[in-house]
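Hi,

Here is the structure I said I would pass on.

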Amino acid sequence: MRIDEILEERRPVFSFEFFPPKDKQGMTQLKGALDELAQDEPAYVSVTYGAGGSTRERTVEVTKWIKQELGIEAMAHLSCVGEPVSRLREILDEIREAGIENVLALRGDPPRGETEWHPHPEGLRSSPELIELVAGDFCVGGACFPEVHPEAPDLEHDLVFTKRKVESGASFLITQLFFDNQHYFDFVREARAAGIDVPIIPGIIPITNFAQIKRFTELCDAQIPPDLERELEVRSAYPDAVKDLGVAYATAQCADLIARGAPGIHFYTLNRSPATRAILAALRAARPWDRALEPV
């Protein structure tokens, strides 16, 4: 089923993101997490795309397994990094033949060890170009950045580029991770004013490791609110305490997002299930959607 149709039929929509593992042990961990999270009946599951060939083949393999073996709607990520257009078309053919209808089209980050992004000589230069290539046969999603893309000079320029994604065929957007909900609602307000009218799904990562989340936020220019960072710092020597705080904070964050009109939550799971399952259980017990405002 196409994700744009799911977003029309359901509210809220819960979805999970995984990355393709690099080895057998990682695959075992991923399958265990998916088996557990499948019990929570996600609307769909997405699988990231390794830059520079690191895990690209496994993206299609894992996405097909989720769709065909687990019977869960799946979305394959696809990026421009290191690929000629001919290879992108081959990947899309393989995805289509597997019965997968959804693709998240991204420019992608530079391969590991490189600081600047360079297009393949026979490839594409931007995510709008990739979205245009994918659109038609697939439901296409794009990325957006509540705290502004690291390469954009300001929000105005970022929104112009984001609107190009929608005009090229993106029928929904998923945000980069964030920890201050006001960033999301401010971004949605400005996006609507700029003429971007597709669903904007907040992407949420439960904090389970303080050092790890510091690295992530530095890479993507996201901010950890000072009060949250202080509490994490206090607990940094106690991993279980960090996880408990991370789950509690993400639960409150998700409940607020849904109650204020967000269409759902896309969880960045890091291929693990306990934190995401705990958050979903708390949300289903509290049912913030019963008091939800008008959709944003």
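Predicted model: local features only at pLDDT ≥ 70, side-chain atom pairs only at ≥ 80, totals over all residues.

Let's start with helix α10, which runs over residues 239–259. Quite a few of the α10 residues are buried, including Val 242, Leu 245, Val 247, Cys 254, Leu 257 and Ile 258. After α10 comes Gly 261, with a positive phi near 105 degrees.

α10 has a packing partner in helix α9 (residues 226–235): the angle is about 155 degrees and the axes are 8 Å apart. Angles over 145 degrees count as roughly antiparallel, so that is how α9 and α10 lie to each other. On the α9 side, the contact is made by Leu 228, Glu 231, Leu 232 and Arg 235, while α10 brings Pro 239, Ala 241, Val 242, Leu 245 and Tyr 249. Sorted by type, that contact has seven nonpolar residues, two charged and no polar ones.

Then there's helix α6 (residues 155–168), with 14 residues. From first C-alpha to last it reaches 20 Å, close to the 20 Å expected. At its start, a side-chain oxygen of Asp 154 comes to within 3.2 Å of the backbone nitrogen of Glu 156. Which residues of α6 are buried? They are Asp 158, Leu 159, Thr 162, Lys 165, Val 166 and Ser 168. Their cover includes α5, β5, β6 and α7. Gly 169 follows α6, and its phi is positive too, near 135 degrees.

Cheers

Technical notes: Residues numbered from 1 in each chain as written. Heavy atoms only, no water. Helix = DSSP H or I, 4+ residues; strand = E, 2+ residues; numbered from the N terminus. Expected span 1.5 Å × (residues − 1). Buried < 20%, exposed > 50% of the residue type's maximum accessible area, 1.4 Å probe, protein only. Axes fitted to C-alpha atoms, helices over the stretch in contact; angles between N-to-C directions. Parallel < 35°, antiparallel > 145°, perpendicular 65-115°, else oblique. Contact = heavy atoms within 4.5 Å. Nonpolar A, V, L, I, M, F, W, Y, C, P; charged D, E, K, R; others polar. Polar contact = N/O pair within 3.5 Å; in protein donor to acceptor, adjacent residues only side chain to side chain.
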